[in-house]
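Here are my notes for someone opening this entry for the first time. Please read them beside the sequence and the model.

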Amino acid sequence: MGPVKRLKLEDHFNRLETHLKPFPGGNTEGFSRWMAVSQKSQADRTLVDGLQNNLFRCEGMRCPKGGGVTKAFDLAALNIQRGRDHGLPSYTKWREWCNGKRALIFSPNALGLNDHSYFETNILRKTYRHVDDIDLFAGGLTEMREEGALVGPTFACIIGLQFSNYKRGDRFFYERPDPVIAFTPGYLSSCFCSKAVSIEIYVLL
């Protein structure tokens, strides 16, 4: 394997030609191989510069108007603004709904943000006037991670509920009790009859 070529995320926005280059150096095969063999970075509360300061930045003919440089976006700011536009409840409301614990003060103790570290709590205190003002994205992103997870308890609750709804809302899901509608394990196995392998179904939720 040759030397590793580092590519900035912002250099790939609106650049389809990067994915069409012959391997090595580009194309879907190269990126897929990189994702398969590279170790994942540690998860934290920060966003890389390509998402925080250079989201959808373009230069020259790649810009929508065919020239110049576009202003870049900030993904975190967009997520916070979208939450406000849609009228999402504050982080403390979601936190209370998920685990019954309501934060009353800016402190990582039992009455406050006890899912946050002292450092994260101080950042939120300097940003918001009251704990009930904390945006869902900001509060969820700064939570301490659940054991074995990439997110904290509030995001884990919301994401878990969403995937559970996806499963229970799918009338063809094989775990549904209606044998007339649901796909059975036997039917799912027959879909792969061309392969001489046994199919084992693992329930994720």
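1. On accessibility, a residue is called buried at under 20% relative accessible area, exposed at over 50% and partly exposed in between (1.4 Å probe, protein chains only). Trp97 has 54% relative accessibility and so counts as exposed.

2. The model is predicted, so local features need pLDDT of at least 70 and side-chain atom pairs count only at pLDDT 80 or more, while totals for chains, interfaces and linings use all residues. Residues are numbered from 1 along each chain as its sequence is written, and side-chain values use heavy atoms, with hydrogens and water left out.

3. There are two aromatic pairs in the structure. In the pair of Trp94 and Trp97, the ring centres are 5.9 Å apart and the planes stand at 85 degrees, so the arrangement is edge-to-face. Rings of Phe, Tyr and Trp (its six-membered ring) pair if their centres lie within 6.5 Å; planes under 30 degrees apart count as stacked, over 60 as edge-to-face and the rest as tilted. Trp94 and Trp97 lie three residues apart in helix H5 (residues 91-99), and are therefore separated by about one helical turn. Helices (H or I, at least four residues) and strands (E, at least two) are DSSP runs, numbered from the N terminus.

4. Phe163 and Tyr166 also form an edge-to-face pair, because their planes are at 90 degrees, with ring centres 5.9 Å apart. These two belong to helix H8 (residues 153-168), where a spacing of three residues puts about one helical turn between them. Phe163 is partly exposed at 49% relative accessibility, whereas Tyr166, at 53%, counts as exposed.

5. One disulfide is found in a search of the whole structure; the term means a pair of cysteine sulfur atoms within 2.5 Å. Cys98 and Cys157 are the partners, with an S to S distance of 2.2 Å. The link is left-handed, at -85 degrees about the S-S bond. It connects distant parts of the chain, Cys98 in helix H5 and Cys157 in helix H8, 59 residues apart. Cys98 is partly exposed at 22% relative accessibility, and Cys157 is partly exposed at 23%.

6. Which side chain of opposite charge is nearest to Glu143? It is Arg95, 4.7 Å away, and Glu143 is buried yet has no salt bridge (a side-chain nitrogen of Lys or Arg within 4 Å of a carboxyl oxygen of Asp or Glu). For charge, Lys and Arg count as positive and Asp and Glu as negative; His and the chain ends are not counted. Glu143 sits in the loop between helix H7 (136-141) and H8.
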